[in-house]
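Try each task before reading its solution.

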Amino acid sequence: MKQIITVMVLSLITTFNTGVICTSTANETAVSNTNTSEELTLRTREEQRQYERFNIRTLTQPVKLTEIQDGVEGLIDISRGGVGLKHNNTLKEGDIIPLHINYKDITIHTQVQIVNATETRAGAQYIEHSQSLTNKLLYLSILLESDNNLLKTKLST
């Protein structure tokens with residue numbers, strides 16, 4: 001039994017680290033390279049996305065950035081895991097910037113780290129992991145779903 005679990009864990013690690021599909025049985029592990037790196041990148045991004053992303057342009061009420069960092073032009077999208085930022089080619093991968101978000105009665109002051117950047121768009125993840133921030137982001141997500149008719153029950157007006 002221990003050998004089967006070991007083979008399965010190694011297969012999963014191989015799948016996520018090298019982009020190959022692994023199937024395992026008690027006696028063998030079959031590996032097949034069936035994905036292009038582009039397909040793998042898209043699938044990996046989707047697998048990594050844990051939270052619903054809200055496009056700022058489609059929201060009925062705006063989520064606002066206050067005290068905007070130099071070079072940041074605004075929000076593109078927001079989720080419980082991070083934000084998409086529009087910028088003027090000033091942000092690069094690894095940068096840490098302050099972020100101040102307001103929506104209705106929610107005010108969030110935190111920092112984000114840029115995890116990917118092009119000339120005009122940067123993806124950033126929250127680097128603070130306090131319970132307070134987690135709760136505020138959850139509340140924000142629920143309000144955004146409710147206010148944009150994505151929930152069956154209306155929570156706010």
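Predicted model: local features only at pLDDT ≥ 70, side-chain atom pairs only at ≥ 80, totals over all residues.

**Exercise 1.** Work out how many helices and strands the protein chain has, and write down their order.

*Solution.* Start with the count: the protein chain holds 3 helices and 9 strands. Then read from the N terminus, which gives α-β-β-α-β-β-β-β-β-β-β-α.

**Exercise 2.** Check whether the end-to-end distance of helix α3 agrees with its number of residues.

*Solution.* Helix α3 covers residues 131-147, which is 17 residues. The expected span is 1.5 Å times one less than the number of residues. For α3 this comes to 24 Å, and the end C-alpha atoms lie 24 Å apart, so the two values agree.

**Exercise 3.** Find which residues of α3 are buried, and what covers them.

*Solution.* Leu133, Leu137, Leu140, Ser141, Leu143, Leu144, Glu145, Ser146 and Asp147 are the buried ones. Their cover includes the strands β3 (54-55), β5 (72-78), β7 (96-103), β8 (106-117) and β9 (121-126).

**Exercise 4.** Is Leu138 buried, partly exposed or exposed? Then name the nonpolar patch that contains Leu138.

*Solution.* Leu138 sits in helix α3. Buried means under 20% relative accessible area and exposed means over 50%. Leu138 has 35% relative accessibility and therefore counts as partly exposed. Together with Ile142 and Leu151, Leu138 makes a nonpolar surface patch of about 200 Å².

**Exercise 5.** Look just after α3: which residue takes a positive phi?

*Solution.* That residue is Asn149, with a phi of about 55°.

Key. Residues numbered from 1 in each chain as written. Heavy atoms only, no water. Helix = DSSP H or I, 4+ residues; strand = E, 2+ residues; numbered from the N terminus. Buried < 20%, exposed > 50% of the residue type's maximum accessible area, 1.4 Å probe, protein only. Contact = heavy atoms within 4.5 Å. Patch = residues over 30% accessible without salt bridge, like charges linked within 9 Å, V, L, I, M, F, W, Y side chains within 5 Å. Areas by Shrake-Rupley, 256 points an atom, 1.4 Å probe, with all protein chains shown as cover. Salt bridge = Lys/Arg side-chain N within 4 Å of Asp/Glu carboxyl O.
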